[in-house]
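Dear colleague,

Please find the structure below, together with a short account of what was found in it.

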Amino acid sequence: LVEEIDQRLLEEFSFITTTTTEDLRARYTRISENVNQLVTVMGLLGMLLGSIGIINTMQVIVRRRTVEVAVLKTLGLQAGQITILFLIEAILMGILGSLLGILLGWGVVFIIRGAAERLLAAELPFVLAASPAITGFVVGVIVTAVFGFLPTLTAGQVRPGVVLRPTDAVIPKAGRLRTLFALLVIILVLSLIAQSIIGSFGTALAIVIGTFVAAGVLYGTLSLLIWLIGRFFPSLGVIDLKISLRQMLAGRGRAAMTLLAL
C-alpha cells in the first residue's frame, strides 16, 4: 500500500521526491549494521589489547615472585600446583577487573547520557540491563584466565635452587609443547568468544589466527628494531646512554611486547 501511494504521488507530481517508511527502515537498518560492525571490531581490538596487558601483568607478577615460588618448590609443591596457584590468582584478578569495568562502563554511560540530554534538550531513556553486564563479566574472566595461563606455566618451571641465589633469579621458559598447547587453547577460546559476536566459527577462527599472525609479525618487527637500536646506536661516550642501550638488549622481548600493546 505504501509503495502504491508513493508511485501514484510520483506519477501525479513528478517534480517532488518522496521518502517512505520502507526507505527509512532500509536506511536505519544499514546504519544499525554499520554500528554493529564497528562495535564488533572495537570489541575484538579491545579484547586483544587487554590480553596483551594481561600477559605483561602476569609476567611481571611471576618475575617478582620467583624466590617465593622457589620456596614453595622446596616445601614440596609440584610444578602443576604452582601453575594452579597463579592461575587462580589470574582468575581473581579477572573477577575484580571485570566488576570494576562494568561499574566504570555504567558510570561513563550515565555521563554521556547527561551530556547528550543537555545537548539535545530531550530525555534519553536508559535501562541497566543485566544480560550485557553478565556477558562482559564472563568474557572478562575467561579472557584473563586464558591469557594468564601461558605466563603461569613458566612459574611452575622455577627451580628450587633460586632460593640460594635470589639475585640470579631467571624465569625459565615453559617449553615448546606447553607453549604450543597454551596457544592452541587461547586461539580456540577466543574463536568461541568471537563466534558469539560474529556468528560463524570459521570466520571467527580465521580472524583470530590472522590477528595472531599480524601480532607476531609486529612483535618480530619491534624486536628487530629494538635490537638494531641497542646494537648499533652510538652511545657517544655517554655512560648512561650506553647502559640504557644494553638494558634494551637485555629486555628486548618485554620491551617489544609493551610497544605492541601501545
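Which residues in α5 meet which residues in α7? Val139, Ile142, Val143, Val146 and Phe147 in α5 are in contact with Ile186, Val189, Leu190 and Ile193 in α7, where contact means heavy atoms within 4.5 Å. By class, this contact has nine nonpolar, no polar and no charged residues (Ala, Val, Leu, Ile, Met, Phe, Trp, Tyr, Cys and Pro count as nonpolar, Asp, Glu, Lys and Arg as charged, and the others, Gly among them, as polar).

This is a predicted model, in which local features need pLDDT of at least 70 and side-chain atom pairs count only at pLDDT 80 or more, while totals for chains, interfaces and linings use all residues. Residues are numbered from 1 along each chain as its sequence is written, and side-chain values use heavy atoms, with hydrogens and water left out.

The structure also holds two salt bridges (a side-chain nitrogen of Lys or Arg within 4 Å of a carboxyl oxygen of Asp or Glu). In one, the closest N and O atoms of Arg65 and Glu68 are 3.2 Å apart; in the other, those of Glu89 and Arg65 are 2.8 Å apart. Through shared partners, Arg65, Glu68 and Glu89 are joined into one network. Arg65 is partly exposed at 25% relative accessibility, as is Glu68 at 41% and Glu89 at 23% (buried means under 20% relative accessible area, exposed over 50%, partly exposed in between, with a 1.4 Å probe and protein chains only).

With kind regards

Definitions and conventions
Helix = DSSP H or I, 4+ residues; strand = E, 2+ residues; numbered from the N terminus.
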